[in-house]
Amino acid sequence: MKRLIIVGGVAAGASAAAKARRMSEEIEIILFEAGPYISFANCGLPYYLGGEIVERSKLVVTTESAFAQRFQVDVRTRTPVESVDAVARRVTFRGPDGEVDSLSYDRLILATGTEAMVPPIQGIDSKRVFPVRTIPDVDRISAVMAERGVRRTVCGSGKGCHVLVIGAGYIGIETAEQLGRLGMSVTIVELADQVMPVLDPEIARPAQLALEETGIRVILDDGLETLAPEGADLVATTSSGETIRVDFAILAAGVRPNVRLAVSAGLTLGASGAIQVDRFQRTSDPSIYAAGDNSETMHRVLGRPVNIPLAGPANKAGRIAGANAALDLLARPDSDPGRLSFKGTLGTAVVRAGDTFVAMTGLTEKQAISEGINHQVTYVAGSNHAGYYPGAKPILLKLLTEPSSGKVIGAQAVGGEGVEKRVDVFATAIQGGFTIEDIEDLDLCYAPPVGSARDVAIQAGFYGSNCKRSVSPSITPAEFLALREAREVFTIDVRTAKEFSDEHLDGAVNIDVDLLRERLAQVPSDRPIYLYCQGGYRSYLAQRILLNSGWSEVYNIQGGFGLISQFLPLGRARAKEFQLS
């Protein structure tokens with residue numbers, strides 16, 4: 001009987017084993033997992049710490065015995081594979097009792113995932129510094145919390161307990177939010193100058209403000225130099241010289257692909273440092289497949305391999321590797337209709353920070369600039385459901401398109417519940433090759449509690465299409481402020497006199513959009529005019545009035561004052577205001 005060995009469980013490895021068995025009853029499948037669980041909800045770990053997931057058993061997707069019974073897989077947990085001999089086609093492993101043994105394979109799937117990035121901080125190996133990657137990790141954190149009187153399921157029980165979170169990526173933000181929910185005093189230290197460094201700054205900033213509104217302290221553009229135990233405390237010192245005294249620390253500084261076994265097998269690594277694979281998940285050795293966070297995936301927009309460690313792509317890659325490895329063992333050709341291939345990823349992801357959600361797909365503007373990709377930016381401010389229905393929350397949407405074709409290449413959104421719904425729309429649009437003009441024709445669900453008749457995603461289509469057709473020439477806040485630094489510009493604030501008196505851009509003239517037709521004489525016609533309101537809609541109306549009245553150069557500042565304020569130091573307190581009106 002042909003033998004398939006899979007190294008690693010969780011999303012990729014368990015998916016590979018299950019799919020391989022569904023493809024054939026004729027092969028032997030052995031799955032090695034270094035930890036105690038074959039499959040667990042690692043994305044749910046922060047929410048278990050915060051008590052939103054109450055029962056520990058809910059973290060376990062399936063048990064070793066249940067999986068083995070259902071799929072007839074020889075599951076060996078607590079059994080790390082230590083090396084791969086690709087020439088002899090053998091793996092060497094260490095059993096739960098420490099015994100070393102080896103087994104041959106006909107096909108091998110490496111699903112070894114990632115390993116935590118450990119920054120060069122003196123004392124980072126302290127027993128009071130914990131990653132949040134496995135169930136044993138959260139067990140240890142829960143034990144420390146319990147020692148300090150913190151009860152996971154009781155909000156406010158963490159008062160008097162201080163925790164440091166190292167890193168402000170997905171896991172860092174989720175863990176900080178959850179520990180803050182329990183009443184702990186939480187400090188996040190991030191080396192970059194923004195939370196969620198993968199995002200564009202103006203999209204990440206509201207998430208930072210949302211965390212701060214819950215009482216979490218966020219330190220940016222600063223690193224940690226030392227972590228030192230001092231009595232019952234852990235004392236952290238930052239690069240700027242600040243001292244932070246905490247009970248324990250969470251290590252969330254990022255991950256990197258775990259390629260140790262791939263290197264021992266002599267496999268080719270890609271430019272990202274992850275394992276290079278083809279569309280079938282085959283490595284440079286045709287008898288070895290790789291799947292999940294340890295391997296590369298084609299980026300649908302960039303058109304080149306990348307390594308983006310996310311659960312969704314890992315699950316799909318595991319399924320593909322399992323199917324194709326099984327077909328190899330059945331001697332089926334690559335043309336077999338059962339063969340699966342991975343067409344690529346967009347890095348679609350979402351995170352919650354307090355009452356604010358942030359999501360992205362495809363390219364950010366930072367990525368587009370670094371890759372030298374020409375792009376058009378469209379900002380739209382709207383709400384997550386009908387404004388007249390109680391509880392409507394603002395959403396800021398940022399869309400990237402190709403200027404010539406209008407094809408969607410990226411989207412980011414921040415705001416209330418439903419942010420992920422809009423980003424999923426654009427993930428689908430990118431995969432389908434939609435243009436900005438296709439977006440304005442979308443037919444989306446509408447009911448007052450869940451959406452608007454003109455959903456913010458469709459508004460992006462309207463606005464972006466208007467820009468592309470030169471119906472509404474626009475300028476982004478960043479472009480406008482750079483222009484204003486270079487020369488004098490005539491700017492009109494078309495909000496009400498009350499809004500203007502509360503706060504406005506220096507040098508702006510206030511002409512309420514509803515009074516504009518009566519005050520056209522106050523608008524010069526010999527120079528470009530730049531308009532803004534609170535969210536971009538009233539300034540669009542004012543723009544059309546001026547263009548239809550003979551003015552030739554009139555630009556709408558996208559996103560309005562609610563977005564412009566994020567680019568100004570004085571505007572931080574208002575950076576979450578994205579009202580459409």
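## Three-stranded sheet E6-E7-E8

An open sheet is built from three strands in the order E6-E7-E8, with antiparallel pairing. Strands are DSSP runs of E with at least two residues, helices are runs of H or I with at least four, and both are numbered from the N terminus. Two strands count as paired if DSSP finds at least two bridges between them. Strand E6 (81-85) and strand E8 (100-104) stand at the edges with a single partner strand each, so one side of each has no neighbour in the sheet. Direction ignored, neighbouring strands here are turned by 20 degrees against each other on average.

Strand E7 (residues 90-94) and E8 run antiparallel and are joined by five bridges. Phe 93 has Asp 101 in E8 as its bridge partner. The loop between E6 and E7 holds Arg 89. Phi of Arg 89 is near 55 degrees, a positive value in a residue other than glycine. Arg 89 is partly exposed, with a relative accessible area of 33%; buried means under 20%, exposed over 50%, and partly exposed in between, using a 1.4 Å probe and protein chains only.

## Basis of the model

The model is predicted: local features need pLDDT of at least 70, side-chain atom pairs count only at pLDDT 80 or more, and totals for chains, interfaces and linings use all residues. Residues are numbered from 1 along each chain as its sequence is written, and side-chain values use heavy atoms, with hydrogens and water left out.

## Nonpolar cores

The largest nonpolar core has 50 residues, of which Met 145, Leu 179, Met 184 and Phe 248 touch the most other members. Helix H4 (residues 135-147) gives the most to this core, with five residues. Apart from this core lies another of 30 residues, among them Leu 4, Ala 16, Phe 67 and Ala 314. A nonpolar core is a set of buried Ala, Val, Leu, Ile, Met, Phe, Trp, Tyr and Cys residues joined through side-chain atoms within 4.5 Å.

Leaving aside neighbours within four places in sequence, Met 145 is in contact (heavy atoms within 4.5 Å) with Leu 49, Val 150, Arg 152, Leu 179, Leu 182, Met 184 and Phe 248. Asp 139 also lies in helix H4 and is partly exposed, at 28% relative accessible area.

## Helices H1 and H8

The axes of helix H1 (residues 10-23) and helix H8 (residues 311-329) come within 7 Å and cross at roughly 35 degrees. Axes are lines fitted to C-alpha atoms, for helices over the stretch in contact, and angles run from 0 to 180 degrees between N-to-C directions. The residues of the H1 contact with H8 divide into ten nonpolar, four polar and three charged. Among those making the contact are Ala 12, Ala 16 and Lys 19 of H1, and Ala 314, Gly 318 and Gly 322 of H8.

## Hairpin E16-E17

Strand E16 (residues 233-238) pairs with E17 in the antiparallel sense over four bridges, and Leu 234 has Val 246 in E17 as its bridge partner. The two strands, E16 and E17, form a hairpin with four residues between them, and Gly 241 in the turn has a positive phi of about 100 degrees.

In a regular strand the side chains alternate between the two faces of the sheet.

Five strands form an open sheet with parallel pairing, in the order E28-E32-E31-E29-E30. The edge strands, E28 and strand E30 (509-510), each pair on one side only. Strand E29 (residues 490-493) is joined to E30 by two bridges in parallel, and Ile 492 stands opposite Val 509 in E30. Helix H15 (residues 537-548) packs on the sheet, touching strand E31 (529-532) and strand E32 (554-557), and its direction makes about 175 degrees with that of E32.

Ser 472 sits in the loop between helix H12 (456-468) and strand E28 (474-475). Ser 472 counts as buried because its relative accessibility is 0%. Leaving aside neighbours within four places in sequence, Ser 472 is in contact with Tyr 463, Asn 466, Cys 467, Tyr 540, Gln 543 and Asn 556.

Technical notes: Nonpolar A, V, L, I, M, F, W, Y, C, P; charged D, E, K, R; others polar.
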